[in-house]
Amino acid sequence: MDPHLLLSACKLTLATDLKVTSPRPGFLVVKNISARTYLNLDDAQWRLLQHFNDPQTVPQVLATAIETRTAPALHDFYELVLKAYNSGLLLFETPMDAADEATEWKFKLPPFFLSRWVVALLVVGLGLVFWERPEPSFHWFDLLLGLVVWCGLLSLSQFLVACELCGADMDVYAPRIRWWPVPHFTIDDSDRCMVEQRAQIAILLTPAALCMAGTAILLSLAPGACLIPLVGTMVLLHPLGGGAMDRLLAFLEKPPLRSIDSDPLFEPNRQIGRRWHHVKRSTFSRAAWIRLAYAVAWMAGALFLTHFFGGWDFREFARDYRNWVVVVAVLVAGPVSALAIFSLREGWRLAAERYTDVYREFLLKRSRRQKVPDFDLADEDRQQWLVHSPLFRGLNNAERAEVASLLTPHFIKDSTTVIRIGDRPESIALIVSGEAEIFRRHKNGRRQLMTRVIEGEIFGAHHLLDPEHPDVEVRASTHLHVMLLDIPSFQRFVINRIGPDLASSMALKLPALKRLSLCRQWHGQSVERFAQLSTVVDFATDATILRENDDCRYFFVIYEGTVRITRRNRTVATLAAGQYFGEISLLQNSQTTTAVLGGEETRCLYIPQRDFLRFVTHNYSAALELERVSSKRLGRPIFPLKR
Amino acid sequence: MNASTTTPFPSSEPPGVLVVDDESAIRDLARLALEAEGYRVFDAGTAKEAIKLVEAFGAQIHVVVTDVMMPGADGLTLARQVRKRAPLVQIIVVSAHLSQDHYWPEDLRDLRFLPKPFSLSALTRAAGEAMVRFQAKARSP
């Protein structure tokens with residue numbers, strides 16, 4: 001399923017065969033029993049997922065969360081939904097394929113009871129091994145004996161782990177003989193993550209403790225046979241990711257790592273900025289330093305044991321500083337190379353994302369500079385431009401052909417003032433190439449840029465579509481190639497067909513909204529719909545648009561002029577045309593924290609709360625953009641809301 | 001899955017529209033409306049069938065009208081696959097679940113969207129516009 005569809009249109013349901021446990025306070029593990037998948041969550045995330053008990057779309061759940069003031073950080077929310085869907089917790093139409101069923105295990109051992117003994121066994125075993133100073137033999141009999149003992153210890157430890165899991169009321173999966181790296185009995189202990197923390201410690205340490213104790217006993221009975229068990233036990237205790245000790249040290253993470261904190265699925269979370277946030281968190285945490293200390297201790301232990309394995313004198317190695325240079329170089333080179341490869345890859349992706357648009361804009365500007373005063377378009381090309389313009393989209397084939405025949409090509413040199421204040425043009429211009437600026441002149445004579453129009457958009461219809469403010473000045477900012485359509489034909493084919501309101505939305509509001517940062521990532525038809533839902537309202541100078549600590553029921557976009565944001569009668573910011581306000585109250589479902597006052601001849605587009613929230617919840621790009629801007633304005637993350 | 005004819009169309013043949021929807025009633029209605037406008041209509045019940053038709057009759061299909069929610073691959077996935085095989089083909093997405101309000105992935109933002117339920121005149125108009133786009137794209141170097 002396409003993730004975009006999943007996050008916007010699919011009705012998802014919470015699976016029914018779920019098992020929920022709480023290994024740590026405030027931290028849950030949810031298991032889909034049939035699919036044998038697990039998800040680590042916090043309480044708030046689980047409450048959010050429970051909204052899907054009845055089939056719901058993601059926008060519906062987000063709208064409910066905003067309404068009840070329980071909305072989480074949006075990046076986390078979308079990541080959670082994708083992870084929950086991938087792990088079979090949330091279902092769309094069909095459940096996930098069932099995995100193997102659990103084995104009925106008859107033997108039980110209480111892991112709580114064993115935990116202290118396991119730790120004691122590991123410590124004593126470790127002490128004895130280092131006390132005894134192993135001197136392994138490479139004779140074939142000793143190696144064979146060591147191998148047999150090691151296989152036995154591994155199998156016994158896996159048997160005990162299965163008993164402990166069963167003792168904690170968890171399932172044991174796939175008991176089998178594994179042949180690699182040595183033949184031994186093994187089980188799948190995935191359910192371990194669901195048991196209480198102390199029990200998990202016992203289960204994780206059981207193999208290492210048993211093997212260490214067994215090796216210590218072997219050292220006293222048959223010292224020559226200890227090589228394989230000793231190396232095997234050291235491998236069991238390795239500090240790398242995915243090992244028992246790494247999982248054990250993960251308990252030190254505060255707050256505990258949730259499934260959404262690693263391996264992002266949601267595309268925006270894969271960007272370097274978001275990844276860096278997680279890398280920083282995991283690198284500079286207390287757990288990371290303890291992990292590093294353990295890794296150093298493990299390496300020291302390994303070197304110490306190697307010293308006794310004969311042939312290689314550690315003290316001689318340590319005396320030569322050049323050896324240490326090599327060791328440090330190898331240790332540094334690995335992470336540095338990995339970091340360099342990661343940075344290059346992310347940098348390339350970032351550059352491709354950012355500069356593709358810049359390059360396209362450059363090509364467009366270059367094409368606009370090309371001066372071709374005498375140009376004409378074939379009938380098919382004229383029709384194509386009509387199809388691209390939302391104003392002419394409702395025409396049928398015959399009407400479109402007729403309008404195309406009425407269009408007159410026209411060239412306008414750059415920096416030419418095309419329409420002056422007070423002019424009433426006899427035709428509208430559909431831009432084929434180039435860019436024009438539309439200005440409004442204030443009562444004090446000051447000229448203010450209202451908007452820019454580009455290819456596929458029109459100018460020259462303000463006096464028809466905005467009769468209360470008919471006076472605008474239009475100036476060609478590049479060479480313009482336009483197709484002119486006389487006003488009576490425009491009236492007949494556009495205004496009379498789709499009505500003045502829709503025509504006004506498509507011709508006047510749409511170009512302004514398209515340039516809004518909020519709408520840049522939207523589908524063209526989404527912006528058209530947004531334009532249709534919005535209404536233009538005029539405000540007198542210093543008129544109160546929003547009061548402080550008052551209800552806000554609208555989202556505002558500044559269409560013309562400026563507004564002042566004030567708090568306790570002090571101006572804290574001024575917003576200009578193309579910026580928006582009101583979103584914080586709507587997203588927080590709370591009262592306003594600032595007042596907004598109109599500037600000189602201010603006009604705003606306003607969208608009712610319901611329509612605004614529908615757009616925000618259905619369009620995650622808009623939601624993320626609004627979350628970013630609101631958090632910046634507030635000076636703290638807007639989600640999750642402060643109670 | 002069926003087509004009006006099983007032989008490849010000569011270039012003088014009318015433009016082709018592929019209608020993909022898991023509901024046969026919608027496919028039949030769309031076929032009636034589009035054939036009345038002079039289009040040659042292909043139809044498929046799933047994305048998989050649609051891809052097979054595009055591969056078999058690639059040059060004869062100019063516009064694809066696809067539903068979004070279908071068993072198996074969804075309409076957006078189909079749109080991407082059609083584009084890979086036939087970049088000039090214009091795609092119209094129809095859906096009752098998806099709307100203009102939704103987020104559209106960047107690579108699919110230029111698709112024409114038609115909300116369900118749609119009138120047959122809206123469908124034929126959208127197909128006509130898509131055909132103009134196809135011709136313009138085919139002419140451009």
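## Legends to close-up views of a predicted model

**Figure 1. Charged side chains of chain B.** In this predicted model, chain B carries 16 positive and 17 negative side chains, and the centres of the two sets lie 5 Å apart. Lys and Arg count here as positive and Asp and Glu as negative, while His and the chain ends are not counted; the place of a charge is taken as NZ of Lys, CZ of Arg, CG of Asp or CD of Glu. Residues are numbered from 1 along each chain as its sequence is written, and chains are lettered from A and ligands numbered from 1 in the order in which they are written. Local features need pLDDT of at least 70 and side-chain atom pairs count only at pLDDT 80 or more, whereas totals for chains, interfaces and linings use all residues, and side-chain values use heavy atoms, with hydrogens and water left out.

**Figure 2. Fold and surface of chain B.** Chain B comprises four helices and six strands, which follow one another from the N terminus in the order β-β-α-β-α-β-α-β-β-α; helices (H or I, at least four residues) and strands (E, at least two) are DSSP runs, numbered from the N terminus. The C-alpha trace of chain B spans about 40 × 40 × 30 Å along its principal axes. Of the 141 residues of chain B, 56% count as buried, where buried means under 20% relative accessible area, exposed over 50% and partly exposed in between (1.4 Å probe, protein chains only). Among contacts (heavy atoms within 4.5 Å) in chain B between residues at least 6 apart in sequence, 69% join residues at least 24 apart.

**Figure 3. Cis peptide bonds in both chains.** In chain B, the peptide bond from Lys116(B) to Pro117(B) is cis, with omega near -5°, and Pro117(B) sits in the loop that links strand E6 (112-115) to helix H4 (120-139). In chain A, a cis peptide bond with omega near -5° leads from Phe639(A) to Pro640(A), and Pro640(A) belongs to the segment after helix H22 (620-634).

**Figure 4. Positive phi in a loop of chain A.** Most residues other than glycine have a negative phi. Arg568(A), however, has a positive phi near 50° and is placed in the loop between strand E20 (562-567) and strand E21 (570-576) of chain A. Asn569(A), in the loop between E20 and E21, likewise has a positive phi, of about 65°, although it is not a glycine. Arg568(A) counts as exposed because its relative accessibility is 69%, and Asn569(A) counts as exposed because its relative accessibility is 79%.

**Figure 5. Nonpolar core around Tyr78(A).** Leu49(A), Tyr78(A) and Phe459(A) touch the most other members of the largest nonpolar core, which has 151 residues; such a core is a set of buried Ala, Val, Leu, Ile, Met, Phe, Trp, Tyr and Cys residues joined through side-chain atoms within 4.5 Å. Not counting residues up to four places away in sequence, the residues that Tyr78(A) touches include Leu7(A), Val58(A), Phe266(A), Tyr620(A) and Leu624(A). A second, separate core of 21 residues has Leu122(A), Val129(A), Ala216(A) and Cys226(A) among its members.

**Figure 6. Surroundings of His463(A).** His463(A) is part of helix H16 (residues 462-465) of chain A and counts as buried because its relative accessible area is 18%. Leaving aside neighbours within four places in sequence, His463(A) is in contact with Arg424(A), Pro425(A), Pro470(A) and Ile487(A).
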